[in-house]
Amino acid sequence: MPDDTRARQRAGTGLGLLLVLVLAAVLLTAFPRDDRGEAACRARTVASWAADAEVTDEFARYGDDASRADDWTGGDGTHSVRLPDGRVLWLFSDTYLGQVHRPPNPAGESYAWRDTTAPLVRNSAVVMEGGRLRRTLPAPLFADPAPGQWRWPVAARVEPRSPGSSEQVVRVVLWTRTTGTYPWIYGLPTATEVATLSLPGLRLEGITRILDQRQVPDPARRVLFGTTALTHDDDWTYVFGGDDARAAARPTSKAYVARVPRGRLADPAAWRYWDGERWTIPSLMRPVLGDGGRGGDRGVGSAFTVVRDGGTYVLFTMAAGAEGLTTVTSYWACSPTGPWHGPGRGFSPPLPERRAGVAAYNPQAHPAVGGGRLVLSYDVNWLDADGGAVAQANLSRNVSLYRPRFVTLRLGPG
């Protein structure tokens, strides 16, 4: 073969290799790799949303049913998990039981109402079958650990009883809080625990303390885990947590993340916490969002949720500042550990009453009822300075206030 032909071939091969490398660089820039090395992560934000009347109306129907006096009539801290037999277990924090009366209420308003002496318990669980809420488990499901303390369920996952086991159980992550004075009107952050429920009977088998925070002097720096839990793959569950800085009148809270092998959520020794570089012990953990180290990093509310959209992780939280009682915003990342980008485009879901004191909070995703859609709940409450008699009276005069609402979201390019 002539020398000039070989030279042209070598030049053509080199040019082809250069084009391949340039194309690969472009693709890597356009589609950042997630922590599994898959070129599937891209910026995401809320493109559109709509009220989800189907699920919202089902909770209104169940809550207004006066045929029983010991079932759920309203609550917040809304979380859900689909069970292996197709049922959905709904978990709530502070919950009203008892009777609901038809309108008008004692003030002559056209609201269904409850008596101000109606029972209020710290947590509850309701079972859904075939898209219908069927029964309330005996409440509270998780007893108070000590006088002046209580438990709020904040996340749930079905997992093997132990790694490799064919038997499955429900693990429920709990926040333990302790009575406090202002500004801790909703309790001092105390500990993260994990409860185990049997399947299919949903019998409480035990509760394990995972992370005790009583030794952290500043309550605003105590971190409770379980604001959301995300099954990453067959090997790991990622559990997000946060501090309570907003309760202490700081602008935003910080988000943290822990990683636990599947089947070991109830094993404190199996939890590892992200310190910015590696998974380590709790005393070394560092925030993944809200540390102020990146432009636009404005932090989270005290409760938030994380979902996956392809290779992208999307975090939903209440917005910072004055919008924090009405507006949901989002961040995105290619890994649970970040870096998190945002905040993205926000939206303000409907509130049952447009007046001072009525607020939205605690956005939570519900893949258990989404059927491929992204369904998000938000809780509604009447907020006042001391969380006392005024709030209770307003929640009683209109029972629809203190119930979850649902929206369906569509994500688009960020």
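1. Start with the largest nonpolar core: in this predicted model it holds 26 residues. F316, F347, L374, L376 and L409 are the ones with the most contacts inside that core. The elements giving it two or more residues are β19 (312-318), β21 (358-365), β22 (374-382), α4 (389-397) and β23 (405-413). The top contributor is β22, with five residues.

2. Now T327, which sits in the loop between β19 and β20 (328-333). Is T327 buried or exposed? It counts as buried, because its relative accessible area is 8% and the cut-off for buried is under 20%. The T327 side chain makes a polar contact of 2.9 Å with the side chain of S348. Not counting residues up to four places away in sequence, T327 touches T317, M318, A319, G346, F347 and S348.

3. Last, the second largest pocket, with about 610 Å³ of space. Its lining has 33 residues, and R157, A365, H366, P367 and A368 lie nearest the centre. Among the elements that give two or more residues to this lining are β9 (149-160), β13 (224-231), α3 (367-370), β21, β22 and β23. By class, the lining splits into 16 nonpolar, 10 polar and seven charged residues.

Key
Residues are numbered from 1 along each chain as its sequence is written. This is a predicted model: local features need pLDDT of at least 70, side-chain atom pairs count only at pLDDT 80 or more; totals for chains, interfaces and linings use all residues. Side-chain values use heavy atoms; hydrogens and water are left out. A nonpolar core is a set of buried Ala, Val, Leu, Ile, Met, Phe, Trp, Tyr and Cys residues joined through side-chain atoms within 4.5 Å. Buried means under 20% relative accessible area, exposed over 50%, partly exposed in between (1.4 Å probe, protein chains only). Helices (H or I, at least four residues) and strands (E, at least two) are DSSP runs, numbered from the N terminus. A polar contact is a pair of N or O atoms within 3.5 Å; within protein, one must be able to donate a hydrogen and the other to accept it, and residues adjacent in sequence count only if both atoms are side-chain atoms. Contact means heavy atoms within 4.5 Å. On a 1 Å grid over the protein atoms alone, a cavity is a set of points where a 1.4 Å probe fits but cannot get out, and a pocket is an open set with protein on both sides within 12 Å along at least five of seven lines; lining residues have an atom within 4 Å of a point. Grid points are joined across faces, edges and corners, and a volume is the space filled by probe spheres set on the points. Ala, Val, Leu, Ile, Met, Phe, Trp, Tyr, Cys and Pro count as nonpolar, Asp, Glu, Lys and Arg as charged, and the others, Gly among them, as polar.
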